[in-house]
Amino acid sequence: MSDVTLYDYFRSSAGYRVRIALNLKRVAYDRVEISLLKGEQRAPDHLARNRQGLVPALALPDGTVLTQSLAILDWLDSAYPEPRLFPADPLARAQAMALALVIVADIHPIDNLRVLQRLESQFGADAAAKADWYRHWIALGLDALEASAPADGFFGGDAPGVVDCCLVPQLYNVRRFDLDLSPWPHLVAIDARASALPAFADAHPDRVAPAA
């Protein structure tokens, strides 16, 4: 029996983060695909769950619906304490949150589908211009993360934590835009170590993609 229901899109970075966290926590969940390409996020039933018309949305058994991936990860850490995603120490927690926000607040929001579509519709950006936009903001964020990345293990230490849950989906999207990752070897190594874990592998978009 599932504990929660996750509404997300298989290629959504934010949904991918939550899938990883649910797997790490071994929380049983049902998954409902909300196709962003088909505009299902703007359907009335989904807007009732998430007034922003975004994914993910996590529905709890009592009917409460949580939105915003980082808030969902924070709730999961409180509701299912092991394994921890956020450090218990207040200073270490703040430092981990800051690194996660490099991705969640500074990279992802200005590179997601609706922003790229707006660049095209309002400013006439073609595919090359949108790719240049994407790569510019990605590089700035990844430079900062690379400078803070550990040489071994994960951002979370010996086990993956909140930053690793955010990093792996972001690098998946980077590869879709054919960005050369060689300037960020520590991030690539962390991504490889994390992606080899079942919790990350089972959350991969290829594993949850709807049948054609």
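Modeller: Let us begin with Asp-178, which is exposed, with a relative accessible area of 64%; please keep in mind throughout that this is a predicted model.

Biologist: Why is Asp-178 called exposed?

Modeller: The word exposed is kept for a relative accessible area over 50%, and Asp-178 has 64%, so the label applies. Asp-178 lies in the loop between α7 and α8, and its phi is positive, about 55°, although the residue is not a glycine.

Biologist: How do you know whether Arg-26 is buried or exposed?

Modeller: Its relative accessibility is 79%, and since the cut-off for exposed is over 50%, Arg-26 counts as exposed.

Biologist: What makes Ala-43 partly exposed?

Modeller: Ala-43 has a relative accessible area of 23%, and because buried means under 20% and exposed means over 50%, the residue falls into the class in between and is called partly exposed. Ala-43 sits in the loop between β2 and α2, and its C-alpha atom is separated by 31 Å from that of Val-162, which is 119 residues away along the chain.

Biologist: Where is Asn-50, and why is Asn-50 called buried?

Modeller: Asn-50 is in the loop between α2, residues 44–49, and β3, residues 57–59. Its relative accessible area is 4%, and as buried means under 20%, Asn-50 is buried. Leaving aside residues up to four places away in sequence, Asn-50 touches Val-55, Pro-56 and Thr-67.

Biologist: What kind of peptide bond leads from Val-55 to Pro-56?

Modeller: That bond is cis, with omega near 5°, and Pro-56 is placed in the loop between α2 and β3. A cis peptide bond also joins Glu-82 and Pro-83, where omega is about -10°, and Pro-83 is found in the loop between α3 and α4.

Biologist: Turning to the helices, why is α4 called roughly parallel to α7?

Modeller: Helix α4, residues 90–107, and helix α7, residues 162–176, pack at an angle of about 30°, with their axes 8 Å apart. Angles under 35 degrees count as roughly parallel, so α4 is described as roughly parallel to α7. The crossing of α4 and α7 is left-handed.

Biologist: Which residues meet where α4 packs against α7?

Modeller: On the α4 side they are Ala-96, Leu-99, Ala-100, Ile-103, Val-104 and Ile-107, and on the α7 side Val-162, Val-163, Cys-166, Leu-167 and Gln-170. Sorted by class, the contact of α4 with α7 has ten nonpolar residues, one polar residue and no charged residues.

Biologist: What makes α6 roughly perpendicular to α8?

Modeller: The axes of α6, residues 127–148, and α8, residues 185–195, come within 8 Å and cross at roughly 80°. The range from 65 to 115 degrees counts as roughly perpendicular, so that is the name given to the arrangement of α6 and α8. In this contact Leu-142, Leu-145 and Glu-146 of α6 meet Pro-185, His-186 and Leu-187 of α8, and by class the contact has four nonpolar, one polar and one charged residues.

Biologist: How many aromatic pairs are there, and why is the pair of Tyr-9 and Phe-10 called edge-to-face?

Modeller: The count comes to five aromatic pairs. In the pair of Tyr-9 and Phe-10 the ring centres are 5.0 Å apart and the planes stand at 70°; because pairing requires centres within 6.5 Å and edge-to-face requires planes over 60 degrees apart, this pair is edge-to-face. Tyr-9 is buried at 7% relative accessible area, and Phe-10 counts as buried at 12%.

Biologist: How do you know that Tyr-16 and Tyr-172 form an edge-to-face pair as well?

Modeller: Their ring centres are 6.0 Å apart and their planes are at 80°, so this pair is edge-to-face. Tyr-16 lies in helix α1 and Tyr-172 in helix α7, so the pair ties together parts that are 156 residues apart in sequence. Tyr-16 and Tyr-172 are both buried.

Key. Residues numbered from 1 in each chain as written. Predicted model: local features only at pLDDT ≥ 70, side-chain atom pairs only at ≥ 80, totals over all residues. Heavy atoms only, no water. Axes fitted to C-alpha atoms, helices over the stretch in contact; angles between N-to-C directions. Helix = DSSP H or I, 4+ residues; strand = E, 2+ residues; numbered from the N terminus. Parallel < 35°, antiparallel > 145°, perpendicular 65-115°, else oblique. Left-handed = near helix turned anticlockwise from the far one by under 90°. Contact = heavy atoms within 4.5 Å. Nonpolar A, V, L, I, M, F, W, Y, C, P; charged D, E, K, R; others polar. Phe/Tyr/Trp six-rings, centres within 6.5 Å; stacked < 30°, edge-to-face > 60°. Buried < 20%, exposed > 50% of the residue type's maximum accessible area, 1.4 Å probe, protein only.
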